[in-house]
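This briefing goes through a structure by topic. The sequence and coordinates are shown first.

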Amino acid sequence: MDRKIYDVIYTLMIPEIGPAGIGKLLRMFGSFENIRALTADQIGRLKFLSHKAKEAMTEGAVTEYTDKSMEIIRRENVGICLMGDSDYPQSLMDIQNPPPALFYRGKMLAKERRVSVIGTRACSHYGMAVAEELGRKCGTHGLTTVSGFASGVDGLIHRSTCENGGRTVAVLAGNIDKPYPVENRNLINPILKAEGCLLTEVPPGKPIFRSDFILRNRLIAGLGTVLVVVEAGTKSGCFSTVDYMNDIGRDTYAVPGNITGSKSIGTNKMIQQGAHVYTSYEDFMLDSGLGVFARRHSGYTAQGIELSNLDKRLLAEIKSTPCTVEQLSDTLSLDPGTVAQSLTFLTLFGEVTEVTPGWFVGKTG
Amino acid sequence: MIKRVYSCGCYGMRPFLIHGEVDLRNGLPDFDVLGCAGSYEKEAAERVRIALKNGNYSFPKGHITVNLAPADMPKSCAAIDLALAVAIYAHMYNLPQKVLERFVLVGELSLDGRIKSCRSAISMVDYCLRETDKEILIPAGNAGETELMRNRRVHYGATLSEALHCIVDGVEAEPAAQKIRWTEEEDAPDYGDIYGNAEAKTAMMVAAAGRHHTLLIGSPGCGKTMAAERLPSIMPPMSRQEMFETTGIYSAAGKLGEDKGWISTRPVVKVSSNTTKAALTGGGRIPVPGAASLAHNGILFVDEATMIPGECLDTLREPLEQGTIHLLRQNTRVVFPANLLCVLAANPCKCGKLLDDPGKCTCTSGERRTYLNRLSGPLLDRIDLHVKMTTQPPEKMRGQSGMTSQEMRQRVMMACRIQQERFGVEGRYNAQMTPSEVNSYCALDRETCALYDRAVEKYGFSNRAYFRMLRVARTLADLDGDETVGRNHILGALSYRGICSDG
């Protein structure tokens, strides 16, 4: 088993090679074992490999990387799933050049309904609110979410799914030992605690490259039955994920947004180009065929805390549009100090979230 | 024969007596000064000679030798001119030594015989009155700063002649009556000038009452500087001792100016991001107080704190922790007082929009994370309050402005009284509480304790942050006049936790 893994990682560690290149090598030489055993001569004749790749292979650099990678796997107990293993997600087989190996932490994917949710890194308050609600509802109803662990919408989806008792799968663009981006590392524990999973096709120890982000998107597409795009700008990477979905014949839902706001231009365009419109969670569930809710989970909150009248008034006022202490105190004609205290209290118990410093958003619906 | 004469010098903020011996003997005319830095010799000789001549006093034709002791103390020698001139006069006109023994003479002479004001006059007068039994004669220009110390042992002289009249004939020269310059209350900047940002105003009350060092975070133009510079309007009025100390520091720094009286409003010293370590601590051959000391008993406002070099921020540790600045010199150590209230101001992120409208913030998440972390480290240890300020919408600026300084000051004064009772000494505030004091004075009931523990866990507070929140809560309780720290005070304190580092 170790040998097999070693061989696969060896091929994955070749610099400047992508899934297409790996697929080509496999077709030419039959197995990963054969690829590793290639002579310098044979390597030299491969025209589709870059100079750097060939050099690394012949000079033993790739062996070094692979050894280091194996060491990390051993030391940190990284989970590995090879194509052909029983737990390799079948839905991934639909994509072009599916990953030969998945490196993961947490509970590996099982047969379950999954929805992929993605969005821009620089989301607006509207996007934040939609993401929070979707994550929460999926979590409460036992629907696994899949997203890219990026800042912005992805992070929010992961977080609100976990906090509501649900399972979420984070598909990393880079390696699993140093998850990117750094600021989302505080999500790792909650995700694993909620029986979620972090996975990637990049072997441990391999540095991250720009191209990895788009490649990761095809995994997101492959893992979800349906894709929801929460908010995207004109040139968003989300478009690539939509393309991948289209390639494998699965549906995309896009959340419509403000035509004056820049953040929704992409999602609106997707709708124009034929994506389904996401208008509400309930409609989405019915329309997409994800069907009846599997289980109800009471979630993380509601621990019998006593809310004062003031707290209740505030909760009624705060909706999905984030607001500040000042705004609330003006609207409700209350002293800002009292409002701040109440908000802090409500945040402590999860009724309200401070999405960015000073801006609070409540639970919708 | 030798005539002895006395003057006063000031090193750091410590005055000391200068014993001058002036010897006159026959020989080629010459003027030697021992015990002083090089160029002084030539200059003094000329100033004293011309001043005497212009006053129509005769100047000896012999060899004059002056010895100034203690020789190893650096002296700002110009202020000794007057003493030398009087000594020479004493030689020429047979003034008895016992007359010279009575006085300490301070003042620099200009060529026409006028006496120019000197630095640190207030400290010198105080020293002289307390530590010696001599009378002191100082320049009339320093009358303002010594107004409150007027005494039959304090004399003034505007010119050499006046000084000599006073010494020889006992004729007092009355300087023009100086009024102490109290700042008019109506002119003082008021918190009523700030519209909105009510949370920040409350935070300023907390800062003023408990002397909590503060970090103001907000976009450019939202009012951080205004908030900081109005702190003196809500702090308790300066006590006599505080006024004395601050005036002494400004006098030593030469920032009092002619005829100015005691400083009666708390100073606000603004430090910009291109400040240097030396500018903050002070220094020089004869150490002069720096910005941190000029803010003693007042406010030190550090704008654009994220742009300040780390080593400068580090220099502020000592004032914030101990209220002093120590300067080490070859032979001596100089201590300047620097008991200040520090207010740092910073943008929330590189583009500045994070607090006002996160949607418009163009910073990457990495940039946001690292921007305020530039402040982390030993300095943030001592900052108790992190206050967010936002740009107010136009409607706000046309309406009521919210709390005014008068209302705020009342509550602050009440809190200060409570603290004085609590600690039993003047000058001790909540921000200085040690952890065991925090535990005794900020005991929480079980429910509030559970609430606080939950917050500590949720926000990942360090132990340092744990105590910090409690100190702030204690001040909030004092501002409300409550004896126990309650749920609301804890929640209030939590709203001032940090948005950077560990809270």
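The points below cover a sheet in one chain, the contact between two chains, and selected parts of the other chain.

The model is predicted. Chain A holds an open sheet of nine strands with mixed pairing. Chain A and chain B bury about 2,200 Å² between them. In chain B, 55% of the 503 residues are buried.

**Sheet of chain A: order and edges**

- The strand order in chain A is β1-β2-β6-β5-β4-β3-β7-β8-β9.
- At the edges lie β1 (79–82) and β9 (276–277) of chain A, each of which pairs on one side only.
- Strand β1(A) runs antiparallel to β2 (residues 101–106) of chain A, and four bridges join the two.
- Within this pair, A:Gly79 is placed opposite A:Tyr104 of β2(A).
- Strands of a sheet pair through backbone hydrogen bonds, in either a parallel or an antiparallel sense.

**Around strand β7 of chain A**

- Strand β7(A) runs parallel to β3(A), with four bridges joining them.
- A:Val115 stands opposite A:Val226 of β7(A).
- The pairing of β7(A) with β8(A) is also parallel and also has four bridges.
- A:Val228 has A:Tyr253 of β8(A) as its bridge partner.
- In a regular strand, side chains alternate between the two faces of the sheet.
- In β7(A), A:Val226 and A:Val228 point one way, while A:Leu227 and A:Val229 point the other way; all of these are buried.

- A:Val277 belongs to strand β9 of chain A.
- The relative accessible area of A:Val277 is 40%, so this residue is partly exposed, the class between under 20% and over 50%.
- Not counting residues up to four places away in sequence, A:Val277 touches A:Tyr253, A:Ala254, A:Pro256 and A:Ile271.
- A:Pro256 is 21 residues from A:Val277 along the chain, and their C-alpha atoms are separated by 6.8 Å.

**Interface of chain A and chain B**

- The size of an interface is often given as the accessible area lost when the parts come together.
- Of the area buried between chain A and chain B, carbon and sulfur atoms give 56%.
- Chain A contributes 24 residues to the contact and chain B contributes 29 residues.
- Of the area that chain A buries against chain B, 28% is supplied by A:Glu326, A:Gln341 and A:Leu348, more than by any other three residues.
- Three salt bridges are found across the interface of chain A and chain B.
- One salt bridge links A:Glu326 with B:Lys396, with the closest N and O atoms 2.9 Å apart.
- Ten residue pairs are in polar contact between chain A and chain B, counting pairs with both residues at pLDDT 80 or more.
- On the side of chain A that touches chain B, the elements giving two or more residues are α15 (325–332), α16 (336–348) and β10 (352–356) of chain A.
- Helix α16(A) provides the largest share of that side, with eight residues.

**Chain B: overall content**

- Chain B has 20 helices and 18 strands.
- Among contacts in chain B with a separation of 6 or more, 75% are between residues 24 or more positions apart.

**Helix α4 of chain B**

- Helix α4 (residues 121–131) of chain B is mostly covered, with nine of its eleven residues buried.
- The buried residues of α4(B) are B:Ala121, B:Ile122, B:Ser123, B:Met124, B:Val125, B:Asp126, B:Tyr127, B:Cys128 and B:Leu129.
- These buried residues pack against the strands β1 (2–11), β2 (14–25), β5 (103–105), β8 (135–139) and β9 (154–157) and against helix α8 (240–252) of chain B.

**Loop residue B:Lys134**

- B:Lys134 lies in the loop between α4 and β8 of chain B.
- B:Lys134 counts as buried because its relative accessibility is 11%, and the cut-off for buried is under 20%.
- The side chain of B:Lys134 reaches the backbone oxygen of B:Glu101 at 2.9 Å.
- Leaving aside neighbours within four places in sequence, the contacts of B:Lys134 include B:Glu101, B:Arg102, B:Phe103 and B:Val104.

Methods:
Residues numbered from 1 in each chain as written. Chains lettered and ligands numbered in written order. Predicted model: local features only at pLDDT ≥ 70, side-chain atom pairs only at ≥ 80, totals over all residues. Heavy atoms only, no water. Pairing = 2+ DSSP bridges. Buried < 20%, exposed > 50% of the residue type's maximum accessible area, 1.4 Å probe, protein only. Contact = heavy atoms within 4.5 Å. Buried area = accessible area lost by both parts, 1.4 Å probe. Salt bridge = Lys/Arg side-chain N within 4 Å of Asp/Glu carboxyl O. Polar contact = N/O pair within 3.5 Å; in protein donor to acceptor, adjacent residues only side chain to side chain.
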